[in-house]
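My plan is to look up a few things and jot down what turns up.

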Amino acid sequence: MSIAAVAKKQTPASLRARKGGVPIVSLTAYTTPQAKMLDPHADLLLVGDSLGMVVYGFTSTLPVTLDMMIAHGAAVVRGASRACVIVDMPFGSYQESPQQAFRNAARIMAETGCAGVKFEGGTVMAETIRFLAERGVPVLAHVGLQPQSVNALGGFHAQGRTAIEAEHVIADGLAVAEAGAFAMVVEGTAEPVARRLTELAPIPTIGIGASAACDGQILVTEDILGIFDVFRPRFVKRYAELSGAISAAASAYADDVRARRFPGPEHTYGAAAPEKRKTQA
Ligand code: KIV
């Protein structure tokens with residue numbers, strides 16, 4: 001589909017209305033220049049707490065703070081004009097109570113200008129999703145594999161591969177839809193479960209490692225560009241290998257500086273030009 005066909009500003013409501021239609025294209029974004037490059041191509045830009053691993057070098061998303069999410073969220077909003085910008089709520093900023101979640105979501109929305117928030121959790125977060133949705137906070141839910149629960153799960157493992165797990169993922173997805181989420185991310189989930197959930201849920205499913213059956217797809221931008229190599233999940237498709245290009249550019253610059261080839265005359269300021277004599281009136 002051409003960009004022009006979906007050229008209008010995307011909102012939680014317009015994305016919600018895409019259920020079963022043209023797949024929703026989503027990517028993560030963390031900075032203004034990145035948002036400007038992705039905005040013409042993506043319907044949804046997620047300021048994911050994955051930035052903790054991708055940008056800050058943490059080994060999980062758990063150390064990410066509300067202030068980090070707000071700083072990066074505001075940067076992405078400044079670079080996006082068409083895509084719907086959603087900001088992730090970090091670990092510990094929403095699980096305590098619906099009131100805590102509302103207070104922090106309201107701060108994120110007021111200080112970044114984003115269109116809504118995302119947080120992890122299915123049935124257990126349904127009450128919170130309802131509380132926020134009824135008070136004007138659009139919520140993108142996140143079910144299946146939930147990286148903020150890495151310690152409880154004992155690692156990052158695909159979900160829905162046993163009958164019990166499949167039942168849980170489907171119950172989670174239906175609970176968040178019923179509670180008022182406008183869409184849900186379905187992460188690391190076996191294809192038959194993602195397909196069944198997509199058939200049953202009245203809101204769009206946006207898959208990451210959850211098969212082509214979903215109503216949309218999301219990937220971490222640095223993964224598709226080949227500039228995040230800490231781990232490479234099966235579900236990532238590389239569309240570029242930029243690490244090599246960046247390293248080659250840095251190496252060429254280093255060679256030029258050491259050989260005094262850079263800066264050249266064209267990069268150098270000369271002496272100040274003599275001031276033009278003012279003509280007398
Ligand atoms: O934090 C994130 O970037 C995410 C997406 C990968 C869905 O939650």
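**Strands side by side**

I started in the sheet, where Gly-207 has Gln-217 of strand 8 as its bridge partner. For my own reference, strands pair when DSSP finds at least two bridges between them. Helices (H or I, at least four residues) and strands (E, at least two) are DSSP runs, numbered from the N terminus.

A note on what I'm looking at: this is a predicted model, where local features need pLDDT of at least 70 and side-chain atom pairs count only at pLDDT 80 or more, while totals for chains, interfaces and linings use all residues. Residues are numbered from 1 along each chain as its sequence is written, and side-chain values use heavy atoms, with hydrogens and water left out.

**The other neighbour**

Next I checked strand 6 (residues 183-187), which runs parallel to strand 7 and is joined to it by 4 bridges. Here Met-184 stands opposite Thr-205. How does the chain get from strand 6 to strand 7? It goes through helix 9 (residues 191-200), in a right-handed β-α-β crossover. Right-handed means that, with the strands pointing away from the viewer, the path from the first strand over the helix to the second runs clockwise.

Are the faces of strand 7 (residues 205-208) covered or open? Both are covered: Thr-205 and Gly-207 are buried on one side, Ile-206 and Ile-208 on the other. I take buried as under 20% relative accessible area (1.4 Å probe, protein chains only).

**Around the ligand**

Ile-208 of strand 7 is one of them, and others include Thr-28, Asp-88, His-142 and Val-220. Ligand oxygen atoms lie 2.5 Å from a side-chain N or O atom of Ser-50, 3.0 Å from one of Asp-49 and 3.0 Å from one of Lys-118. Alone, the ligand exposes 260 Å², and the protein buries 94% of that; the areas come from the Shrake-Rupley method with a 1.4 Å probe.

**Helix 11 and the whole**

I tested the length of helix 11 (residues 242-258): its 17 residues, at 1.5 Å a residue, should span 24 Å, and the end C-alpha atoms are 24 Å apart, which agrees. The expected span is 1.5 Å times one less than the number of residues. Just after this helix, Arg-260 has a positive phi of about 55 degrees.

Overall, I count 11 helices and 8 strands. Of the 281 residues, 50% are buried.

Key: Near = heavy atom within 4 Å. Polar contact = N/O pair within 3.5 Å; in protein donor to acceptor, adjacent residues only side chain to side chain.
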